[in-house]
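Have the viewer open and follow along.

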Amino acid sequence: MARLAPLIEEQWRTELADWIAGGDRSAYDAAVGVFGRAGMRWAGLPGTAAAQTRWAARLAQIVDGFGAPYSPEFVMSALNRAWSDRHAQKLVEATRAGRLDPAEGTALHAWAWHRDEQDVLLPARLAGIELQNCIRPLIAVARFVAFAAKELHDRPEWRARIAAETAERGSLVSGPLATAFAQEVRRTAPFVPVLPAWALEGIELDGERVPAGGRVVLDVLGTNLDDGSWERAELFDPERFVGIDDYEELAAFVPQGGGATVAGGHRCPGEKLAIVGLAAAVATLSDERVAVLGRGLEVNRRRLPTKPASGGRVRGAGAAADRCPMH
Ligand code: HEM
């Protein structure tokens, strides 16, 4: 967390400057670049910003295509996965051969030198896949950013409050209001609507008997929007998270899995990284020098994974008003 947060701040500032200077990347595309570059540096990977942005786009496409079997996107995601697996394998091999020297504690260092129970280094390909498991999900947070753009567009009063908070704190990272907004986006966005699993042993769940090998599906969105657990559950209201210090205490808040602890339950180990990255995006998109445009914010709920269609169009505030509406 301590190493990633400043990298995320730096990268969001770069995207903000780009929008102010006339750039027209969507919130989603900008976030893919931010999380890709920040995540790759955090993980100890080499490469120019441009090369890291290109790989980040491939990793984002893998997430985009996986839920649509037999579609062109699915084929594309298989090709991008093959390319990425080979690339990550080469990074591991280069580290082992001494051509790369990532700092201790980075993901590249950890996976390149990780030994299994027999004290043997992992096959380079497998180590490369594990390395990607530390960066690709961070890039997937860009989907939440697209939903955040939509919600911010619809709530100018929250944008103003968050902009004031960011100005006062002088940082895009970890503002309490931006974080509350990010949490409400995670609660309501239908990005990961369900999580399926097989029961390893026979269990009883809420009075239902599930035999070993039986199917269990966690209704992520249904739990996050459950009337019995949340007040006015259907309403998007970040206020409900203001002043909540320990979100892990909320049993019905399962956007990235649940359970009491990461080690002992089914909680995503990257949850805090996702929150930091998303809250920084919320602070960036609330800056009064940029505007989120209203077109293309509809969400196709028949697609998985989904997001607002345009990814959230963002423009410099002046340009948004001046420009021809057809562009
Ligand atoms: C984009 C939003 C994300 C969602 C919806 C999400 C969701 C999940 C879920 C549900 C699990 C399974 C937990 C379990 O069954 O035990 C998981 C595991 C995992 N997540 Fe995330 N995650 C996200 C972001 C991240 C981030 C930002 C990282 C790290 C940078 C990350 C790294 C991982 C890893 C490494 C695992 C595997 C843990 C293990 O098998 O021991 N995820 N994630």
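Start with helix 8 (residues 176-188) and helix 10 (271-285), which pack at an angle of about 110° with their axes 8 Å apart. Before going on, keep in mind that this is a predicted model: local features need pLDDT of at least 70, side-chain atom pairs count only at pLDDT 80 or more, and totals for chains, interfaces and linings use all residues. Residue numbers start from 1 along each chain as its sequence is written.

Helices here are DSSP runs of H or I with at least four residues, strands are runs of E with at least two, and both are numbered from the N terminus. The axes are lines fitted to C-alpha atoms, for helices over the stretch in contact, and angles run from 0 to 180 degrees between N-to-C directions. On that scale, under 35 degrees counts as roughly parallel, over 145 as roughly antiparallel, 65 to 115 as roughly perpendicular and the rest as oblique. Helix 8 and helix 10 are therefore roughly perpendicular to each other.

On the helix 8 side, the contact is made by Ala178, Thr179, Phe181, Ala182, Gln183 and Val185; helix 10 answers with Ile275, Leu278, Ala279, Val282 and Ala283. Contact means that the C-beta atoms of two residues, placed from the backbone, lie within 7 Å. By class, this contact has 9 nonpolar, 2 polar and no charged residues. For the classes, Ala, Val, Leu, Ile, Met, Phe, Trp, Tyr, Cys and Pro count as nonpolar, Asp, Glu, Lys and Arg as charged, and the others, Gly among them, as polar.

Helix 10 also packs against helix 6 (124-154). Their angle is about 40° and their axes are 9 Å apart, again with a right-handed crossing. Residues of this contact include Leu138, Val141 and Phe144 of helix 6 and Leu273, Ala274 and Gly277 of helix 10. The contact of helix 6 with helix 10 comes to 13 nonpolar, 1 polar and no charged residues.

Zoom in on alanine 274, in helix 10. Is alanine 274 buried or exposed? Alanine 274 is buried, because 20 other C-beta atoms lie within 10 Å; the cut-offs are 20 or more for buried, 12 or fewer for exposed and partly exposed in between, with C-beta atoms placed from the backbone and counted within 10 Å. Leaving out residues up to four places away in sequence, alanine 274 touches Val141 and Gln256. Alanine 274 and leucine 138 are 136 residues apart in sequence, yet 6.5 Å apart in space, C-alpha to C-alpha.

Helix 6 has another partner, helix 2 (residues 27-42): the two axes come within 8 Å and cross at roughly 150°. That makes helix 2 roughly antiparallel to helix 6. This crossing is right-handed too. Among the contact residues are Ala31, Phe35 and Gly39 of helix 2 and Ile135, Ile139 and Ala142 of helix 6. They divide into 14 nonpolar, 2 polar and no charged residues.

Now for the ligand. There are 17 residues around the ligand, the closest being Pro137, Gly257, His266, Cys268 and Gly270; a residue is near a molecule if its C-beta atom, placed from the backbone, lies within 6 Å of it. Helix 6 and helix 10 are the elements that give two or more residues to this shell, and helix 6 gives the most, with 6. The shell has 12 nonpolar, 5 polar and no charged residues.

Most residues other than glycine have a negative phi, and most peptide bonds are trans. Tyrosine 70, in the loop between helix 3 (49-65) and helix 4 (72-96), has a positive phi of about 65°. Tyrosine 70 is exposed, with 7 other C-beta atoms within 10 Å. Aspartate 119 also has a positive phi, near 65°, and sits in the loop between helix 5 (107-113) and helix 6. With 6 C-beta neighbours inside 10 Å, aspartate 119 counts as exposed. Last stop: a cis peptide bond joins leucine 304 and proline 305, with omega about -5°.

Notes. A crossing is left-handed if the near helix is turned anticlockwise from the far one by less than a right angle, and right-handed if clockwise.
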